[in-house]
Amino acid sequence: MSKSWHIVPYSESSGDLHMALDNDLLDRHSNNPQTPSILRFYQWTPAAISLGFHQQKYPDRWHEIAQQHQLDIVRRPSGGRAVLHKGDLTYAVITNVELDGKKRSHREIYEYICEFLITGFAQLGIPITYGQSGRGYIHNPSCFSTATNADLIIADGRKLVGSAQVYRRNSVLQHGSIAIAPDHHILTELFQTKVPIVGCEELLQNQHQNLSAELIRSLTAAARQHFQSEFL
């Protein structure tokens, strides 16, 4: 992986603008291997439902629910299934697909990137680990209804972080939703089942006045340590 990293300042914007920026940053990185790797954190305003790039079908009633709760419906450049971006923090990492000069599998790259999340949450007193694929994953429209090995969960199996990837030439974009205060009412409305997701507010019991800022601080420090780089 590249040792040169750039951190993009935190921002709040619409899902369309965030996904366009992630896509543009990935394009730039994939067209120039010398471009620094990128880390950024952001939140969605207004709240939104994001669909995986290949997710063609979703319930018609989502349009009514989105209108009722003032949610955008946005398509991500990455794979995976639908995510509700309300009461969450999104991270995005764009970097090279090589580790120690060798091209690695998607799984190896995923685990390499996720280590900064695992380290950062451990420093906050929240141990997390990888989920396991659940039955019905392909047919379930919700990213949070089953914990796959592309997710990070707490000890009781509830999901804290859901991530997705897209590859372009020798570059990868991995971004994901970190739950802070999930809206269980809307999640149940959307997916018509109880969604096993837990937020940082519940886990940390309001120890921090500005939890989003504290998460960004802790995770940025963990990324700097894990990727062994000074961020530009």
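Biologist: Before we start, what are the ground rules here?

Modeller: This is a predicted model, where local features need pLDDT of at least 70, side-chain atom pairs count only at pLDDT 80 or more, and totals for chains, interfaces and linings use all residues. Residues are numbered from 1 along each chain as its sequence is written, and side-chain values use heavy atoms, with hydrogens and water left out.

Biologist: Why are α2 and α4 called roughly antiparallel?

Modeller: Helices here are DSSP runs of H or I with at least four residues, strands are runs of E with at least two, and both are numbered from the N terminus. The axes of α2 (residues 61-68) and α4 (residues 184-191) come within 10 Å and cross at roughly 160°. Axes are lines fitted to C-alpha atoms, for helices over the stretch in contact, with angles from 0 to 180 degrees between N-to-C directions. Under 35 degrees is roughly parallel, over 145 roughly antiparallel, 65 to 115 roughly perpendicular, and the rest oblique. So α2 and α4 land in the roughly antiparallel class.

Biologist: Which residues make that contact?

Modeller: Contact means heavy atoms within 4.5 Å. On α2 it's Arg61, Trp62, Ile65 and Gln68, and on α4 it's Glu189, Leu190 and Phe191.

Biologist: What makes β1 and β9 edge strands?

Modeller: Two strands pair if DSSP finds at least two bridges between them. Seven strands form an open, mixed sheet in the order β1-β2-β6-β12-β11-β10-β9. β1 (5-13) and β9 (129-130) each have a single partner strand, so one side of each is left without a neighbour in the sheet.

Biologist: How do you know that β1 pairs with β2?

Modeller: Seven bridges join these parallel strands, and the cut-off is at least two. Ser11 stands opposite Tyr42 in β2. β11 (residues 159-168) and β12 (residues 171-179) also pair, in the antiparallel sense, over eight bridges, with His175 in β12 as the bridge partner of Ala164.

Biologist: What packs on this sheet?

Modeller: Helix α1 (residues 15-31) does, touching β1, β2, β6, β11 and β12. Helix α3 (residues 106-123) lies across β2, β6, β9, β10, β11 and β12, at about 145° to β11.

Biologist: What makes β2 mostly covered?

Modeller: Buried means under 20% relative accessible area, exposed means over 50%, and partly exposed is in between, using a 1.4 Å probe and protein chains only. Eight of the eight residues of β2 are buried. Ser37, Leu39, Phe41 and Gln43 are on one side, with Ile38, Arg40, Tyr42 and Trp44 on the other. In a regular strand, side chains alternate between the two faces of the sheet.

Biologist: Why is Gln70 called exposed?

Modeller: Gln70 has a relative accessible area of 64%, so it clears the exposed cut-off. Gln192 counts as exposed too, at 60%.
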